Amino acid sequence: MAGDARDSQYLLRNAVAGAPLTFDESKRRMVEASRWIAGGINSNFRAGISPTPLVIERGEGPYLIDADGNRLIDYYLGMGPMILGHSPAAVKAAVAAQLERGLLFAAQSEIEIEAARLVCALVPCAERLRFASSGSEAVQTAIRLARAATGRKTIIKFEGHYHGWMDNILWSVAPAPEAAGPREAPNAVAASNGQDADAGRNTVVLPWNDLALLERRLASEDVALVIMEPVMCNSGGILPLPGYLEGVREACTRHGTILLFDEVITGFRLAAGGAQQRLGITPDLATFGKAIANGFPVAALAGRADLLDRFATGGIVHGGTYNAQPIAMAATVATLTALAEPGLFDDLDRRGRRLMEGLGEALREAGVTARISGFPQIFNVALDVEGAACDYRDLAAVNKKRYVAFTTALLRRGVRALERGAWFLSTAHDDAVIEATIAAASAAAREI
Ligand code: PMP
C-alpha cells in the first residue's frame with residue numbers, strides 16, 4: 001500500500017490540513033485492559049504515552065491502524081525491531097512454512113543452524129553464538145561468561161546506557177541530576193524500587209566517551225567486562241568521539257578485560273553487520289535482539305569462539321526453554337536474508353538522511369532550535385539544544401516537555417514518534433511516507 005497515489009494524497013492531506021485524530025477508543029480499551037493487566041501494559045516502557053497508550057488493531061508496512069481506525073505512520077517500530085516494516089511478506093511466508101513443520105522440539109533444528117550461520121556471516125565479531133529470547137537475557141549470559149572467562153568480578157557500564165531490566169545492570173540508565181553525583185565518579189543509581197543493591201555491588205558506572213577515566217579504572221586489572229551501546233541510542237543518539245572506540249578496544253585488550261558492544265538496537269540496523277561493521281571496531285562479544293528477527297522474540301550473544309565455546313563444556317550454564325524457538329528462527333532467517341540484499345542499507349541511509357534534514361528544516365522554519373543526531377536508521381531529535389552532546393550529562397538541557405508537545409502534535413496528524421526522542425526507520429518508509437512525515441512535522445512544529 002505504501003506509496004501509491006491514493007495513499008500519499010491521504011497522508012499529506014491528513015498531515016497538513018486534516019481534522020486532528022482522536023484516540024478515544026484506545027483510551028476506553030486501556031481502562032478495560034487495566035482490569036486484568038497491571039496498568040494496562042505489559043512493559044513499563046509502554047507507559048506514559050501522550051495522550052494515551054494506544055491499542056493497535058494491525059500493522060501494515062510503515063503504518064499502524066489503531067482501535068480508533070487511525071492510520072499512523074509508525075516510527076516506534078516496536079521500539080526498533082521492525083526494520084522491514086510491519087508484517088513483511090517474506091517473514092510471514094517463512095513463519096507460515098515453519099508452522100507446518102512444528103513449534104518446539106527441545107532439540108536442534110535445521111532452521112536455527114541456518115540462522116546462526118547467517119549471523120556469523122554478517123557480524124564481524126561473531127565466530128560463535130548462542131540464541132536467547134530477549135536482549136536482557138543475552139546481556140546476562142555475557143556477564144556470566146565474562147566473569148567465568150576472566151576470573152574477575154567487576155563490570156563497567158556507562159551512564160545513560162540501557163542493557164535490560166535485571167538487577168545487576170539496571171543502574172544509572174536515566175538518573176536524576178541531583179542523584180547522579182560528580183561527572184568523573186558517578187553514583188550508581190538504581191532505576192527501580194525493589195532492585196537488589198547487592199546485585200549492583202560489582203557494577204561500576206562511568207561517563208561514556210571519556211577514555212582517560214576508563215583507562216584509569218581498567219588499570220586496577222579487576223574488570224571482567226566493559227559493556228556499552230557503541231552508539232548511545234537509548235539516550236540522546238550520542239556518537240562515539242573520534243578515536244574513543246579504538247581507544248577502548250586497545251585498553252580492554254591491554255588489561256585483559258572483555259569488551260562487549262550491546263547491539264540490541266544498532267545490530268542489523270546501522271548496517272547488516274551492526275555498529276561494529278559501520279564503525280570498524282570489533283568487540284570480543286556483542287549482544288543482539290530487536291531487528292534480528294523483525295518482531296519475533298529472538299536475541300543472541302555472539303563473539304570470539306574461544307569465549308563462546310566455554311558454554312560447550314557445560315561449565316557455564318546458559319539455558320532457556322524458548323531459545324532458538326523454530327518459528328522465531330524462521331523469522332530470523334527471512335529477516336537476515338532480506339537485510340543482506342545489496343543496496344538495502346544505502347536506500348535506508350538516503351531516506352533517513354532526507355527525514356533528518358526535513359525534520360530539521362521543519363523545526364528551524366518554525367523557530368524551534370533542535371539537535372538531530374545519530375544515524376539515518378536510528379536517530380534522536382532533541383529540542384532547545386544546540387551542538388553535539390558527548391555524554392549523558394549533556395542531555396540535562398534538553399526540553400523534554402516541549403518535545404512531548406511535538407510528538408503529541410505529530411500523533412494528532414498521523415505520525416507516531418517516541419516521546420524520548422528516538423526515531424526508528426524501516427525499509428517500508430518510502431519517499432512518499434517520508435515527505436508526508438515532514439509535512440506533518442512542519443505543521444506540528446508551528447503548533448508548539
Ligand atoms: N540492550 C539494549 C541496548 C536495548 O536497547 C534493550 C531494549 N531496549 C535491551 C538491551 C533489552 O532488550 P529486551 O527488551 O529484549 O530485553
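In this predicted model, a nitrogen atom of the ligand is placed 3.0 Å from an N or O atom belonging to the side chain of Lys-290. Of the 390 Å² of accessible area that the ligand has on its own, the protein covers 82%.

**Polar atoms facing the ligand**

- Asp-262 brings a polar side-chain atom to 2.6 Å from a nitrogen atom of the ligand.
- At Gly-135 it is the backbone that takes part, with one of its polar atoms 2.8 Å from an oxygen atom of the ligand.

**Residues around the ligand**

- Asp-210 sits in the loop that runs between strand 6 (203–206) and helix 6 (211–218).
- Asp-210 counts as buried because its relative accessibility is 15%, and the cut-off for that class is under 20%.
- The side chain of Asp-210 is joined to the side chain of Arg-183 by a polar contact of 2.8 Å.
- Once neighbours within four places in sequence are set aside, the residues in contact with Asp-210 are Arg-183 and Tyr-244.

How values were computed: Residues are numbered from 1 along each chain as its sequence is written. This is a predicted model: local features need pLDDT of at least 70, side-chain atom pairs count only at pLDDT 80 or more; totals for chains, interfaces and linings use all residues. Side-chain values use heavy atoms; hydrogens and water are left out. A polar contact is a pair of N or O atoms within 3.5 Å; within protein, one must be able to donate a hydrogen and the other to accept it, and residues adjacent in sequence count only if both atoms are side-chain atoms. Accessible areas come from the Shrake-Rupley method with a 1.4 Å probe; for residues, only the protein chains shown count as cover. Helices (H or I, at least four residues) and strands (E, at least two) are DSSP runs, numbered from the N terminus. Buried means under 20% relative accessible area, exposed over 50%, partly exposed in between (1.4 Å probe, protein chains only). Contact means heavy atoms within 4.5 Å.
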